[in-house]
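Hi,

Here is the structure I promised to pass on.

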Amino acid sequence: GAAADALREVPLLVHTGGADNFYHDGQLQPEALQEAMEAVGRQDTNMVKLEEGYDHSYFFISTFIDEHVEFHAKHLLAK
């Protein structure tokens, strides 16, 4: 379907904090995303990253925002 097609094609970069309450409560499920990516044949499941010691705070976001801006700029400008 359309969701699987999008999952095959859309560049993804996901960081999840290993100490995030939303992760521990099951609301964030990066492992399920990795499984779905594998199911459609993606080889870049390492772009879904679990960052130990980080929660859902500003510090977490500020730590990884530069990587996300560069990643998305690279892919948006390539089109």
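Let me start with Thr16: leaving aside residues up to four places away in sequence, Thr16 touches Tyr23, Leu28, Pro30, Lys49, Leu50, Glu51 and Phe60, where a contact means heavy atoms within 4.5 Å. Thr16 sits in strand S1 (residues 14-17) and counts as buried, at 6% relative accessibility. Buried here means under 20% relative accessible area, exposed over 50%, and partly exposed in between (1.4 Å probe, protein chains only).

A word on the source: this is a predicted model, in which local features need pLDDT of at least 70 and side-chain atom pairs count only at pLDDT 80 or more, while totals for chains, interfaces and linings use all residues. Residues are numbered from 1 along each chain as its sequence is written, and side-chain values use heavy atoms, with hydrogens and water left out.

On the overall fold, the protein chain has four helices and two strands, running α-β-α-α-β-α from the N terminus. Helices (H or I, at least four residues) and strands (E, at least two) are DSSP runs, numbered from the N terminus. Of the 79 residues of the protein chain, 27% count as buried. Among contacts with a separation of 6 or more, 68% are between residues 24 or more positions apart.

Now the salt bridges, meaning a side-chain nitrogen of Lys or Arg within 4 Å of a carboxyl oxygen of Asp or Glu. The count comes to three:

- Glu67 and Lys49 meet at 2.9 Å, N to O. Glu67 lies in helix H4 and Lys49 in strand S2 (residues 48-51), so this pair ties together parts that are 18 residues apart in sequence. Lys49 is partly exposed, at 23%, and Glu67 is partly exposed too, at 31%.
- Asp5 pairs with Arg8, with the closest N and O atoms 2.8 Å apart. These two are three residues apart in helix H1 (residues 2-9), which puts about one helical turn between them.
- Asp44 and Arg42 meet at 2.7 Å, N to O. Arg42 is buried, with a relative accessible area of 10%, whereas Asp44 is partly exposed at 23%.

Best wishes
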